[in-house]
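Q: I'd like a close look at one part of this model, and I'm new to this. Could you walk me through it slowly?

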Amino acid sequence: MLEIRNLRAGYGGSAVLHDVSLRVPTGTVAALLGRNGMGKSTLCKALMGLVPAHGSVRFNNEELLGLSPHAIARRGIAYVPQGRGIFPNFTVLQNLQLGLASRGGRGVPQHVFGMFPQLEPLRGRAAGTLSGGEQQILALARAMVAAPQLLILDEPSEGLAPLIVSELAALLPRLVSDGHMTVLLVEQNLELVQRAASFAAFLEKGAVVGAAAASDLGPRSAAVHRYLGLGAG
Amino acid sequence: MEFALDVLSYVLVLGLVAVGLAVIFALLRVLNLAHGEFLMLGAYSVLFATQSGIPFWAAVVVATVALAALGAIVEMLLIRRLAGRPLDSILGTWGLAILLRQAVVLHFGPASQNVDAPTSADVVIAGIVYPQYRLTVMAIAAAVLLGTVVLFVGTRFGLHARAAIARPDIAAALGVDVRKVAARSFVLGAALAGLAGALISPLISVDPNLGLGYLVPAFLAMLVGGGASVFGVIAGAGVVGGADSVLSLYLSSVWAQSAVFVLAIMLIRLRPSGLVRGRGERP
């Protein structure tokens, strides 16, 4: 269980998150929706210890706030940042090996290539030469190398072709299907959220202002209209 | 031929100093102005150890380990607090350099001193008679540089260090303890400078201002080569050290150094990311 309470965070003197509270049950894909500039990426960074934050973030009954980013990663939390955060001049294999930093071990587990077979023939390629979709798969695979208990995805559909987004939508529920892993999906892509998540919370001006079951998130739903400014209302 | 070997010897030693400086700068964003003093202390460590009756090669090992230990202490007490603060780090390490120089003046005096080479034998290479000790220094420096390259390119530590250089935030979020990697790199850099000072101690006059003569060309080598790549820094040491040696044949030392500066500025202008692009660099 991920439990965020009264989280405040920002950069320097300017606060971005004012009061974020959210509970994400284990074994679910939870989405966080919001327009640009509402603090979604800042929330991801705050969860990973990459920006100063106050309040409480508990995961599996352990307080994460105050821990350094590597210590948070070593508690089974993986993060795929917006823009993917791959190392373009490293090979695909080296990028995957970096995923081992949080759990130790020397070799990339073979099941990762089983899960993402398209990466197997690309092992020796420089990651920067991959297509956008392949880079996103690589970023996801690198996170999965660590066998995380919580996976934080910051706008994974950004810049991807609809077909790749569709594959992603099919993949995410499979990741949590055994009930051990949790996914926090930060997105603007309503279709991906509808297909992959079980529920969504809405972030507006640095605070969680509402939540809805993913099945209720049609383009004409009141929540979508109100918080994302989409649909006919 | 003899001149070429002299140049190669200088370039390899400069490479040791410059790689240490570059690794520290790349990981900590700290320009360590005390790096030359680490080299100077390496030379004085050998002087002190040999005067105490320790055999020369054991003294070289002692000097390297001592500078690694000093590096660990300096990292813990000073550098860790200055990381990410470029101006403060310049002032802090400059202050440390003055402190170390004056400590050496107090203990050993301001006059230059000499260390005896472990051997005065010569060897004949391609018809040239050349000091065996200089060749040994070259072999050790080349082997250590190669080892450093292997460390950064072929090991888990190196992968983590290169990731931390390129994107410290992403590396940390992946579980890399960036601070520990940086601390270890600082210790490595100090040890390399100490080893360089220890190796050259029989070839030069050992005096408290010895470090400055290596800090400036090492800094230029780092800038010219591209600080994000060990290969680049070694290439930079080749360019700066080679140009300095060749120009010194025809010009006074002041004009030669000025010409090296001009050359470095031109190269930095033409290739701002360095002669060799770092493998961990952002696009």
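How are α6(B) and α8(B) oriented to each other, roughly parallel or roughly perpendicular?

A: Before we start, this is a predicted model, where local features need pLDDT of at least 70, side-chain atom pairs count only at pLDDT 80 or more, and totals for chains, interfaces and linings use all residues. Residues are numbered from 1 along each chain as its sequence is written, while chains are lettered from A and ligands numbered from 1 in the order in which they are written.

Now to your pair: α6(B) and α8(B) are roughly perpendicular to each other, a label for angles of 65 to 115 degrees (under 35 is roughly parallel, over 145 roughly antiparallel, and the rest oblique). Helix α6 of chain B covers residues 156-166 and helix α8 of chain B covers residues 178-200; their axes come within 10 Å and cross at roughly 105°. Here, axes are lines fitted to C-alpha atoms, for helices over the stretch in contact, with angles running from 0 to 180 degrees between N-to-C directions. The helices themselves are DSSP runs (H or I, at least four residues), and strands are runs of E, at least two, all numbered from the N terminus.

So who meets whom? On the α6(B) side you'll find H160(B), A161(B) and A164(B), and they meet V178(B), V181(B), A182(B) and S185(B) of α8(B). Being in contact takes C-beta atoms, placed from the backbone, that lie within 7 Å. Sorted by class, this contact has 5 nonpolar, 2 polar and no charged residues. Nonpolar covers Ala, Val, Leu, Ile, Met, Phe, Trp, Tyr, Cys and Pro, charged covers Asp, Glu, Lys and Arg, and the others, Gly among them, are polar.

One last stop in chain B is A126(B), in the loop between β1 (122-125) and β2 (128-131). A126(B) isn't a glycine, yet its phi is positive, about 50°. A126(B) is also exposed, with 7 other C-beta atoms within 10 Å; exposed means 12 or fewer, buried 20 or more, and partly exposed in between, with C-beta atoms placed from the backbone.

Key
Contact = placed C-beta atoms within 7 Å.
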